[in-house]
Amino acid sequence: MQTEYETGGRVLTLPQEAVDAAGDYDLEAFIKGYLDALFFTNTGEEDDALPAGATVDDFAPETAALIRTDCTRFVADHGNLLVMAERWAEAKGFTYTAEQAGIDLWFTRNGHGVGYWDRGLGPLGDVLADLCGYGTEYPPLDPYVGDDGNVYLF
């Protein structure tokens with residue numbers, strides 16, 4: 001896990017305690033937030049990709065696996081940043097949870113106009129935002145309903 005990240009021409013160095021605490025990060029809450037954001041941005045309107053009432057039960061097995069893999073990998077690789085984001089928020093007088101961080105991964109990677117950079121997390125938010133979106137390991141994903149009625153991501 002990295003302890004140094006570059007953002008805006010400067011280097012952000014995280015303490016070892018953030019790396020150590022990252023192993024205890026709440027992955028299930030992160031995934032819940034990610035799924036909430038996916039459904040929020042893609043259901044309810046007539047022209048949305050998913051029908052109203054769509055749930056994880058509608059996912060193709062490979063879709064469910066991709067979501068779990070992406071979220072698990074993001075937390076494994078950058079949990080130290082997420083831990084520090086929670087601590088930053090607490091020091092600034094607000095709460096930033098694993099669930100919110102999962103929401104922000106979906107919003108940021110898909111360019112929804114809000115996300116990590118927009119939460120008051122300072123340079124941590126900028127670094128997290130730089131890790132997702134076009135040209136990163138976490139590019140945009142769009143859901144669609146396949147001919148078999150299952151939900152897929154492309």
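**Exercises on aromatic pairs**

Phenylalanine 74 has 0% relative accessibility and therefore counts as buried (under 20% relative accessible area; exposed is over 50%, partly exposed in between, with a 1.4 Å probe and protein chains only). The model is predicted, so local features need pLDDT of at least 70 and side-chain atom pairs pLDDT 80 or more, while totals for chains, interfaces and linings use all residues. Residues are numbered from 1 along each chain as its sequence is written, and side-chain values use heavy atoms, without hydrogens and water.

**Exercise 1.** Classify the pair of phenylalanine 74 and tyrosine 138.

*Solution.* Rings of Phe, Tyr and Trp (its six-membered ring) pair if their centres lie within 6.5 Å; planes under 30 degrees apart are stacked, over 60 edge-to-face, and the rest tilted. Here the centres are 5.0 Å apart and the planes stand at 80°, so the pair is edge-to-face. Phenylalanine 74 belongs to helix α3, whereas tyrosine 138 is in the loop between α5 and β3 (143-145), 64 residues apart. Helices (H or I, at least four residues) and strands (E, at least two) are DSSP runs, numbered from the N terminus. Tyrosine 138, at 1% relative accessibility, counts as buried.
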